Amino acid sequence: MTATILFSLLLLLLSSSSVSCYRLPPLNNNNNNNGKQSQQQQSLLTKKQKETKQEQRYFGQQLSQQLKNNDDNDISSSSGNGEVSRRSLILGGACTCALCTTFYTPAVHGDDEIWMLQKAEERIEKEKTLEARFARVMAGGMADYEAWEEVRNFKTNLFSSVKKGDTVLEIGVGSGPNLPYYGSRASQVLAVEPNRMFDDYMYAAAVRTNTPLTIVPGKAEEIPVPDNSVDVVVGTMVLCSVTSVKQSLQEVYRVLKPGGKYLFTEHTKAPDDWQLLGLAQTITEPLQLKLAEGCHLRRNPQLFVEETFQKSNVDAKRFVLSNTGKTPPNWPPHFLLAPHYVGTATKVV
């Protein structure tokens with residue numbers, strides 16, 4: 001994430017709800033496939049609505065069970081009115097704000113269980129708002145990076161490994177910037193993405209690129225698909241933000257069929273002889289971690305990739321994007337992401 005995007009995210013986090021939404025590019029309706037495209041879009045939207053309802057039901061069941069489990073034991077230990085137990089529950093799940101415990105007054109809130117449900121829903125909505133803003137900024141803010149000719153060239157070459165009829169799983173799909181390179185050739189694309197606020201962008205990208213997309217809620221560290229089940233795993237700009245690079249790569253290896261390929265592009269720490277860029281990454285990283293969903297600027301996944309797949313089965317290179325110089329003012333908007341590690345790793349059994 002560059003300084004430009006970081007400051008944009010900061011402004012968005014501080015801004016009011018009146019910030020305008022990022023608008024998706026309009027679907028192309030000037031061809032003979034309008035009917036088919038419309039049906040695909042409707043099908044994808046229906047699928048998304050069902051997934052949303054399932055999440056709502058799951059949340060309701062979890063919260064109801066949580067309240068039930070706490071009612072008998074906790075209320076009896078809190079002077080008869082439930083104040084201490086409810087405070088603990090608030091701090092544990094419904095709200096992370098310390099003010100809730102300071103101003104908590106059961107008499108004002110009325111029915112305690114209804115109030116708890118409301119506080120829990122408010123917390124969920126707040127988290128969704130932050131995730132939605134991040135998704136909106138990423139969907140629009142990385143456009144210049146994706147448009148850079150050098151990036152388009154190495155992605156075109158990398159994703160040429162996806163063959164007609166392959167089953168592809170992509171981790172950290174985001175807004176779907178990779179789908180134009182391979183989506184229409186795949187028999188199925190399983191999109192593993194922990195941020196549900198990217199769903200609308202993914203569905204829209206799938207319709208535009210004629211991609212048979214299935215969203216699979218999950219994360220790279222615990223990919224929810226069977227062993228030896230996919231031909232290709234795609235991961236771009238994702239190992240920077242996982243909690244465990246090693247575990248994520250072990251999961252990638254597990255789900256690949258023998259002979260399957262892992263296609264990756266990752267931004268990394270600056271090379272040792274790029275000292276000023278390395279210093280800029282070090283200084284910016286704490287803010288990056290806060291605003292970019294845990295993205296690390298100084299990671300180097302190369303050793304983990306070579307350990308998981310064995311070095312002889314990895315064909316990759318490290319480089320710095322050619323539009324980035326060693327010193328300012330030769331730094332483009334995404335200069336912090338300029339050091340790259342790009343290549344293919346094959347599962348050999």
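The structure is a predicted model, and the mean pLDDT of its protein chain is 77. Of the chain's residues, 63% reach a pLDDT of 70 or more.

**Where to read with care**
- Residues 1-32 keep a pLDDT under 50, and the model gives them 59 contacts beyond four places in sequence.
- The pLDDT is also below 50 over residues 70-110, a stretch with 44 contacts in the model beyond near neighbours in sequence.

**Helix 10**
- Helix 10 covers residues 199-209, and nine of its 11 residues are buried, so the rest of the structure largely encloses this helix.
- Among those buried residues are Tyr201, Met202 and Tyr203, as well as Ala204, Ala205 and Ala206.
- Asp199 and Thr209 belong to the buried set too.

- You can find Asn195 in the loop that runs between strand 2 (188-192) and helix 10.
- Asn195 has a relative accessible area of 1%, and because the cut-off for buried is under 20%, Asn195 counts as buried.
- Leaving aside residues up to four places away in sequence, Asn195 touches Glu131, Phe134, Ala135 and Glu293.
- With Glu131, a polar atom of the Asn195 side chain lies 3.4 Å from the backbone oxygen.
- The Asn195 side chain also reaches the backbone nitrogen of Met197, at 2.9 Å.

How values were computed
Residues numbered from 1 in each chain as written. Predicted model: local features only at pLDDT ≥ 70, side-chain atom pairs only at ≥ 80, totals over all residues. Heavy atoms only, no water. pLDDT = per-residue confidence, 0-100. Contact = heavy atoms within 4.5 Å. Buried < 20%, exposed > 50% of the residue type's maximum accessible area, 1.4 Å probe, protein only. Helix = DSSP H or I, 4+ residues; strand = E, 2+ residues; numbered from the N terminus. Polar contact = N/O pair within 3.5 Å; in protein donor to acceptor, adjacent residues only side chain to side chain.
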